[in-house]
Amino acid sequence: MPFEKRCKMQAKTEEVVTADSQGNKGWGDDDPSVFVMKMTGRLEGEFQVTNGYGPENAPQVMREHWRTFIVEKDFKFISQNGLNAVRIPVGWWIASDPTPPPPFVGGSLQALDNAFQWAKKYGLKVIIDLHAAPGSQNGWEHSGSRDSSQEWGKTDETITQTVAVIDFLASRYANSPSLYAVELINEPLSPGATLSSVIEYYKAGYAAVRRHTSTAFVVMSNRLGPMKPRELFPIASGFKRSVIDVHYYNLFEDMFNNMTVQQNIDFVYNNRSSQLNYVTTSNGPLTFVGEWVAEWQVVGAGKEDYQRLAEAQMEVYGRASFGWAYWTLKNVNKHWSLEWMINNGYIKL
């Protein structure tokens, strides 16, 4: 006979939630069957990996990842295939290495040091990209978010802490011949990341870079979400060696869902070309298509279709005054992997 079980949920620490039974002999807190659980969404970022494996296993898992995923031969591959720079995403906790705040684990700083050594050996430049800021600038997994909340910029503390990370990175690599640029933050999301907070941070972040180097470019990512494409021009135009980063994907918006092969390619040649021209001016900041990929929503597209999509984007984005970067070098999803696309003849540089 069905009966109601009542319990009191209590969060005792950040890691522990307990349920206390009020009667009903026979079940205890160690019986998960009394709970109906429903996943409403799941993040799969570094926070979730390190938090999931826990303090005993996460260090080993992450060390193995850093040791094997991107290695010296990848930098040789990049150089041999006509590319001249790498955009490397890092999280804010890198500045606290080797003992970052939990659940993050130490080791990412050594991985970045290795990248600079390999870049120097193979004649490549490095763009350090602060991909995850304290509190998360967009609520997505790649920003280090724990639960999709977006807290960056809402307090002076998050901005001050982010500037300190930039200062740390600029200081550490200022004298490296491979340092090409520092990207102050990746994809701040409007309206959560307000224009005023982003501008406040970009001013302070630019000053932090300039304390250590006068030659490195400073990259400022346009906000995603509701924004004006030239909203950073007033501040960026007053900076020397400044760059505006825009990201162009034929994905993530409903309008791409039913586009044909030709419509996607026409969109690149017409719409993306127009958008890029609008933010590329002779006396303004340089422009950088910091992320793009030869992937779309088209079902059943053939190799030649993908080749045409890639060619169209390289032709258009190649007009950006600071160049472009493909997202990403390696990925289990083949078309997102530049290495796979090159090795299998989908992209020719």
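**View 1. Val246 lies in strand β7, and strands here are DSSP runs of E with at least two residues, just as helices are runs of H or I with at least four, both numbered from the N terminus.** This is a predicted model, in which local features need pLDDT of at least 70 and side-chain atom pairs count only at pLDDT 80 or more, while totals for chains, interfaces and linings use all residues. Residues are numbered from 1 along each chain as its sequence is written, and side-chain values use heavy atoms, with hydrogens and water left out. Val246 has 7% relative accessibility and so counts as buried (buried is under 20% relative accessible area, exposed over 50%, and partly exposed in between, with a 1.4 Å probe and protein chains only). Beyond residues up to four places away in sequence, Val246 touches Asn222, Phe288, Val289, Gly290 and Glu291; contact means heavy atoms within 4.5 Å.

**View 2. Ser190 lies in the loop between β5 (179-183) and α5 (195-210).** With 7% relative accessibility, Ser190 counts as buried. Its side chain reaches the backbone oxygen of Pro226 at 2.5 Å, a polar contact (a pair of N or O atoms within 3.5 Å; within protein, one must be able to donate a hydrogen and the other to accept it, and residues adjacent in sequence count only if both atoms are side-chain atoms). Setting aside neighbours within four places in sequence, Ser190 is in contact with Arg223, Leu224, Gly225 and Pro226.

**View 3. Here is the largest nonpolar core, with 84 residues.** Such a core is a set of buried Ala, Val, Leu, Ile, Met, Phe, Trp, Tyr and Cys residues joined through side-chain atoms within 4.5 Å. Leu184, Tyr201, Tyr202 and Ile347 have the most contacts inside this core. Helix α8 (residues 303-317) gives the most to it, with seven residues. A second, separate core of eight residues includes Ile127, Val219, Phe322 and Ala325.

**View 4. Two edge-to-face ring pairs are shown, Phe256 with Phe267 and Trp292 with Trp324.** Rings of Phe, Tyr and Trp (its six-membered ring) pair if their centres lie within 6.5 Å; planes under 30 degrees apart count as stacked, over 60 as edge-to-face and the rest as tilted. The count comes to 24 aromatic pairs. Phe256 and Phe267 have ring centres 5.1 Å apart and planes at 85 degrees, so they are edge-to-face. Both Phe256 and Phe267 are buried. For Trp292 and Trp324 the values are 5.3 Å centre to centre and 85 degrees between the planes. This pair links strand β8 (residues 286-292) and strand β9 (residues 324-326), with the two residues 32 apart. Trp292 is buried at 0% relative accessible area, whereas Trp324 is partly exposed at 23%. Ring pairs link Tyr248, Trp292, Tyr317, Trp324 and Tyr326 into a cluster.

**View 5. Helix α2 (residues 72-80) has Asp74, Phe75, Phe77 and Ile78 buried.** These residues cover an arc of only 155 degrees around the axis, so they lie on the same side of α2; the arc is that of the directions from the helix axis to the C-beta atoms. On the other side of α2, Lys73 and Gln80 are exposed. The buried residues of α2 pack against β3 (85-91), α3 (108-121) and α9 (338-343).
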